[in-house]
Amino acid sequence: MLLGENSILETHYDVLSVKEDASYEEIRTSYRSAILNYHPDKLQKKSETASPDHELRERFLKVQRAWEILSNSNSRAIYDSELQASRQDTVVADDISLEDMTVEDTGEAMELFYQCRCGDYFFVDSLELGKMGYSLLRDGNKILLQTLDASPASVVLPCGSCSLKVRVLINSDIILSIDDHL
C-alpha cells in the first residue's frame, strides 16, 4: 500500500487496475498491459530525444512491486490481511462519491473539493488522480473521469484542518459538472 502526497492510499490492486477479488489470470493480464505502458525501453522509443520521465519510471517500479506481491499466493494473502487491517484502522467520517465533490479548473489542474464539518475541505487534484491511473478530461462545463479499468475503487482523503477523513468511491466514466462560480 502506498501513501501519496495527499494521504491517498493506493493499493497494489489500484496500481494494476484490478479488483481485489481478481483472479491470477486477470492480475497477470493487467500487469502485462501496465508493464508495456510504463517500461523504460518502450518510453525511450517514444521520445528518442528525452530520457523517460521520473514519474513514469516510478510508476513502472510500482507496477513491478504490485506484481511481485499479487502474483504469489502466499505474499498476496499476507498483503490482503495487512490491507484489511489498515482499513479497519482508517476510520472515515463519510463515504462520498465523486459526484458529491465540487470541481474547479485552475488551468494547471482540476481540483475536487468536499467540505468538512469543521469548515475546511477534503481535496484531491487531477494530477494526484493521474498518478493513480484516472484521467479527468474537460468538455465545456462537463468533466469526464476515465479509468484504465471499469473496476470501482476508493481513495481516502484527509481534511485540511481536522483529523476527519472521507472515502471517495470512484466508478469509471463519471461525468461531473464544473463549478464556474469558484
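Strands of a sheet pair through backbone hydrogen bonds, in either a parallel or an antiparallel manner.

The pair belongs to an open sheet of three strands in the order E4-E5-E6, with antiparallel pairing. Because E4 (102-105) and E6 each have a single partner strand and stand at the edges, one side of each is left without a neighbour in the sheet. Neighbouring strands of this sheet are turned by 25° against each other on average, direction ignored, the axes being lines fitted to C-alpha atoms (for helices over the stretch in contact) and angles in general running from 0 to 180 degrees between N-to-C directions.

## Asp125 in strand E6

Asp125 lies in strand E6 and counts as buried because its relative accessibility is 15%; buried means under 20% relative accessible area, exposed over 50%, and partly exposed in between, with a 1.4 Å probe and protein chains only. Leaving aside neighbours within four places in sequence, Asp125 is in contact (heavy atoms within 4.5 Å) with Met110 and Glu111.

The side chain of Asp125 also has a polar atom 3.0 Å from the backbone nitrogen of Leu127, and a polar atom of the Asp125 side chain lies 2.8 Å from the backbone nitrogen of Glu128.

Leu16 lies in helix H1 (residues 12-16) and, at 1% relative accessibility, counts as buried. Not counting residues up to four places away in sequence, Leu16 touches Ile27, Ser30, Tyr31, Val63, Ala66, Trp67 and Leu70. Leu16 and Met132 are 116 residues apart in sequence, while their C-alpha atoms are 9.6 Å apart in space.

Ser17 is found in the loop between H1 and helix H2 (24-38) and counts as buried at 16% relative accessibility. Its phi is near 55°, a positive value in a residue other than glycine, whereas most residues other than glycine have a negative phi.

## The chain as a whole

The secondary structure of the chain comes to six helices and eleven strands, and 37% of its 182 residues count as buried. Among contacts with a separation of 6 or more, 60% join residues 24 or more positions apart. The accessible surface comes to about 10500 Å², of which 47% belongs to carbon and sulfur atoms, as given by the Shrake-Rupley method with a 1.4 Å probe.

## Basis of the values

Residues are numbered from 1 along each chain as its sequence is written, and side-chain values use heavy atoms, with hydrogens and water left out. As the model is predicted, local features need pLDDT of at least 70 and side-chain atom pairs count only at pLDDT 80 or more, whereas totals for chains, interfaces and linings use all residues.

Notes:
Helices (H or I, at least four residues) and strands (E, at least two) are DSSP runs, numbered from the N terminus. A polar contact is a pair of N or O atoms within 3.5 Å; within protein, one must be able to donate a hydrogen and the other to accept it, and residues adjacent in sequence count only if both atoms are side-chain atoms. Two strands pair if DSSP finds at least two bridges between them.
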